[in-house]
Amino acid sequence: MRTTVGIIGAGPAGLLLARLLHNAGIDSVVLESRDRAYVERRQRAGILEQGTADVLRAAGAGERMDREGLRHDGIELRFDRTRHRVDFPGLTGGRSVMVYAQTEVCKDLIALQLREGGPLLFEAEALAVEDAGTDAPRIRFRHEGREDVLECSYVVGCDGFWGVARKAIPAGLTQVFERTYPFGWLGILADVPPSHDELVYARHDRGFALLSMRSPAVSRLYLQVADGTDPGAWDDEEIWDELERRFETDDDWYLQRGPITQKTVTPMRSYVHEPMRHGRLFLAGDAAHIVPPTGAKGLNLAAGDVVTFARALIHRQETGSPELLDAYSRTCLRRVWQAERFSYDMTTLLHRAPGATAFEDRLQLARLERIASSRAAETDLAEAYTGFPFGPAGE
Ligand SMILES: Cc1cc2nc3c(=O)[nH]c(=O)nc-3n(C[C@H](O)[C@H](O)[C@H](O)COP(=O)(O)OP(=O)(O)OC[C@H]3O[C@@H](n4cnc5c(N)ncnc54)[C@H](O)[C@@H]3O)c2cc1C
């Protein structure tokens with residue numbers, strides 16, 4: 001098999017890239033190790049920055065998102081039993097975010113790809129990227145019980161944190177920046193209308209909590225828990241009781257309970273692999289970087305990377321100049337590090353580290369008070385949350 005762009009992974013990065021290339025008349029093949037049902041069910045992110053939503057629309061993949069997604073013009077910060085709303089459009093000159101689950105983004109892109117795009121092979125596991133540093137990289141993969149080779153002009157590793165693409169970059173050329181956190185998120189899906197119409201980020205002495213949603217009928221809620229917690233160790237009533245405590249306020253707000261349909265624990269990690277390119281192998285999304293989910297940036301960074309790659313390849317095809325492809329890693333990393341900074345800031349602002357001192361507690365509250373009382377501090381948060389533009393310079 002031969003193609004211009006071999007894409008490993010059919011998460012949001014790989015699927016969006018295939019769509020952008022298809023629209024530009026560039027052929028690609030997507031290899032995905034899991035089956036379609038698994039990819040379409042995997043619960044993960046749910047917040048699309050304005051730029052991500054715009055890219056999906058421009059790619060012809062925004063129709064259902066615009067019908068079923070929920071436009072959000074703000075978030076609520078909750079601390080010390082008080083509530084503070086951050087008004088995104090008022091602070092950013094009109095920007096907002098879209099609540100539309102990653103599962104739905106993937107379903108829409110898969111349907112489009114199967115209907116109009118190039119090959120998308122499920123249960124096709126990439127085993128290795130070979131000759132990455134040359135003009136003729138290859139992906140060795142296994143599909144339907146036999147091994148095959150995909151010859152490519154370019155390979156894009158969109159295969160997430162545990163994928164194989166990153167391993168093809170020689171260790172001697174690589175630098176890794178990493179931080180783990182001593183806590184994770186116990187996340188639930190519940191068949192109950194959200195108790196608030198915008199996301200609520202709560203800082204509490206017992207730990208962080210987040211109220212989010214997937215639709216007007218389905219709530220998504222999270223509790224900070226100790227690293228390595230078994231989700232089965234929490235029974236449903238215990239989860240609701242703990243959420244209620246962490247969201248407590250002095251007014252009459254209350255948390256509506258409902259049947260819990262899913263419980264998972266997500267570890268928290270910050271990770272950046274530099275560079276994001278080696279020869280004709282490019283890394284995109286979680287294959288190159290991870291952020292803790294507090295800033296809602298993971299999926300949005302993945303979208304930014306593949307937009308950058310697609311623009312650079314189109315530029316190369318149209319002008320013959322490799323300039324933007326050569327700048328790929330540098331361009332992406334500027335945006336990646338801004339998202340790393342913001343995600344780290346939000347995480348340390350809102351979570352209570354084990355053994356945190358009274359001094360650190362007071363500092364957290366002071367940081368939150370500062371956001372609630374200073375337009376400059378609040379604008380900084382709103383700009384970062386609604387997203388950094390997908391400009392060629394990553395500005
Ligand atoms: C449990 C969890 C919860 C999360 N929650 C949030 C959240 O609430 N908010 C937020 O913003 N972000 C969240 N994220 C992050 C966000 O979901 C990711 O940043 C996003 O999925 C990145 O997309 P991606 O396409 O780069 O990678 P992925 O979505 O990981 O997709 C990679 C794809 O590659 C496939 N693959 C892997 N190896 C191979 C191989 N060898 N051959 C072929 N295919 C392969 C995988 O099966 C997968 O389909 C979460 C992540 C996780 C893991």
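Start at the ligand and select helix 1, strand 9 (124-130) and helix 8: each gives at least two residues to the shell around the ligand. Helices here are DSSP runs of H or I with at least four residues, strands are E runs of at least two, and both are numbered from the N terminus. You're looking at a predicted model, where local features need pLDDT of at least 70, side-chain atom pairs count only at pLDDT 80 or more, and totals for chains, interfaces and linings use all residues. Residues are numbered from 1 along each chain, and side-chain values use heavy atoms, with hydrogens and water left out.

Next, pick E32, R42, R44, Q102 and D286, which come nearest of the 32 residues around the ligand (a heavy atom within 4 Å counts as near).

Now click through some polar contacts (N or O pairs within 3.5 Å). Ligand oxygen atoms lie 3.3 Å from a polar backbone atom of P12, 3.4 Å from a polar side-chain atom of Y222 and 3.5 Å from a backbone N or O atom of L299. The protein covers 86% of the 1,000 Å² of accessible area that the ligand has on its own (Shrake-Rupley method, 1.4 Å probe).

Then move to helix 3 (residues 50-58) and select T52, A53, V55 and L56, which are buried, meaning under 20% relative accessible area with a 1.4 Å probe, protein chains only. Why do they sit on the same side of helix 3? Because they cover an arc of only 160 degrees around the axis, taken from the directions from the helix axis to the C-beta atoms.

Show their partners too: the buried residues pack against elements including helix 4 (63-68) and helix 6 (102-116), with contact set at heavy atoms within 4.5 Å. Last stop: G60, which follows helix 3 and has a positive phi, near 80 degrees.

Methods:
Buried means under 20% relative accessible area, exposed over 50%, partly exposed in between (1.4 Å probe, protein chains only). A polar contact is a pair of N or O atoms within 3.5 Å; within protein, one must be able to donate a hydrogen and the other to accept it, and residues adjacent in sequence count only if both atoms are side-chain atoms.
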